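Here are my notes on this structure.

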Amino acid sequence: MGRTGPDRRAILTGALAGAIAAPAAAASRKPPAISRNLPDVVVVGAGAFGGWTALELVERGARTTLVDLYGPGNPRAASGDESRLIRASYGDREIYTRWASEAFDLWHQRQEEFGRRVIYANGSLRVVSPAALAAQQPIFERLGLPLEILTPEEAHARWPQVRYDDAETVIFEPKSGAVKARESMIAVAETFQAKGGTVRVGHARPGAAAGGKLSQILVDDEPLSAGLFIFACGPWLPKVFPELLGDRIRVPRREIFYIGSPPHDRRYRWEHFPNLADPLAYTAADIDYGTKIAARLPDTAMDPDDGERMPTPFLAEQVKDYVARRLPGLVGQPVVAARVCQTEYSDNNHYIIDKHPQWSNAWITGAGSGHAFKMGPVLGRNIADWALGAERPPELAALFSLSAHGPAVGGQTRD
Ligand SMILES: Cc1cc2nc3c(=O)[nH]c(=O)nc-3n(C[C@H](O)[C@H](O)[C@H](O)COP(=O)(O)OP(=O)(O)OC[C@H]3O[C@@H](n4cnc5c(N)ncnc54)[C@H](O)[C@@H]3O)c2cc1C
């Protein structure tokens, strides 16, 4: 590790400093109160759920070990890709709009702390249905979040790089953008270690339990005891708890393609172009890696350990069809990179954050359902609070409870 050296910090004092400073309106992140009477904690999984939770726990003074099978930011993890989108438009699901807005501010603050650039606030353009807009607009107004409703002509006049059909309604959400995924998870783990946390690479599974509590896990068959356990194993959760979660989380394959720009064409870079979402695909503007376009793939199960990660040629063609329709300036440009990931969906696209039904000191957190990466800083803060005994708002306890989730087969995918 040790990537947060002075060279990275120097970046912040250079030309980028103004652009990456936390937004002026953002509330400062209050450091959590440090307590001396906390249990030792083991967090299993160093992705968006586990990495941020471990960081928040060590900041509260808990002796915390973060165990990951392949290491923070690994390419099999759902959090291991190049980038992830952050946007607050969630139709009528206000809790996620709130959290995304909070997370946006926290990402900026954490970025300062990490000393490396991880968030790019380039805004997002989204094609919405009248029903989604009617649900979303009052929520944005209530929360004071900026939202612009554009005709296709207005959108095209502002960003000639994109082409919309006449009948489409487009919204522009300025307080949104993209975050570096794998790099952020490495930064989170490094910061966790710098604050006294321990990172271990190993395969964890539940071990001995007594009196309604889990006493230890086995890491590569060696016991590791603690007073509190957080299982944040993402798409592996059904493998770790097959009886409990085998049918509650489904794990489909996803393919992402990055299209290069011509050498002297900067129009599709994040400085000049927002991210896009519409019923056909979603994209992220070029952050030194090409324009990211997600292929639309019907749910195909993927094993997170053994799944081959070679992109599928017909999906590359599908992405090029999308380019021809939406992004004419990129027609004929090459695929410069591709990533194959799997993701993890619950039946209703709400997360699972709950205690294990048999062990009162073990939590299960995950089922990110295509939208958890952006929430990392908020998830970590809340999960750390709740696991250490803070009262959960009853509506959130109910929303994220295991019992609120049925079999995930055939659930609607909303990423
Ligand atoms: C293609 C794609 C696009 C997405 N786009 C977005 C987006 O734009 N915005 C957004 O907010 N979200 C997005 N998501 C969703 C988001 O990335 C995920 O919901 C989130 O990253 C899941 O984090 P996690 O911590 O649950 O899982 P992971 O990141 O997979 O982390 C789980 C970790 O647990 C470890 N592990 C597993 N089993 C064990 C074990 N037995 N012992 C030890 N360690 C173990 C793994 O090695 C892994 O590192 C997207 C997901 C995908 C796949």
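1. Rings of Phe, Tyr and Trp (its six-membered ring) pair if their centres lie within 6.5 Å; planes under 30 degrees apart are stacked, over 60 edge-to-face, and the rest tilted. On that basis the whole structure holds 14 aromatic pairs.

2. One is tilted: the rings of tryptophan 159 and phenylalanine 172 have centres 4.8 Å apart and planes at 50 degrees. Tryptophan 159 sits in the loop between α6 (152-158) and β7 (169-173), and phenylalanine 172 in strand β7, so the pair ties together parts 13 residues apart in sequence. Helices (H or I, at least four residues) and strands (E, at least two) are DSSP runs, numbered from the N terminus.

3. Tryptophan 159 is buried, at 9% relative accessible area. Phenylalanine 172 is buried too, at 8%. Buried means under 20%, exposed over 50%, partly exposed in between (1.4 Å probe, protein chains only).

4. Tyrosine 258 and tyrosine 289 pair edge-to-face, 4.8 Å centre to centre with 90 degrees between the planes. Tyrosine 258 is buried at 1%, whereas tyrosine 289 is partly exposed at 29%.

5. Ring pairs also link Phe49, Tyr90, Tyr96, Trp99, Tyr351 and Phe400 into a cluster.

6. Overall, the protein has 12 helices and 22 strands. Of its 415 residues, 57% count as buried.

7. This is a predicted model: local features need pLDDT of at least 70, side-chain atom pairs count only at pLDDT 80 or more, and totals for chains, interfaces and linings use all residues. Residues are numbered from 1 along each chain as its sequence is written, and side-chain values use heavy atoms, with hydrogens and water left out.
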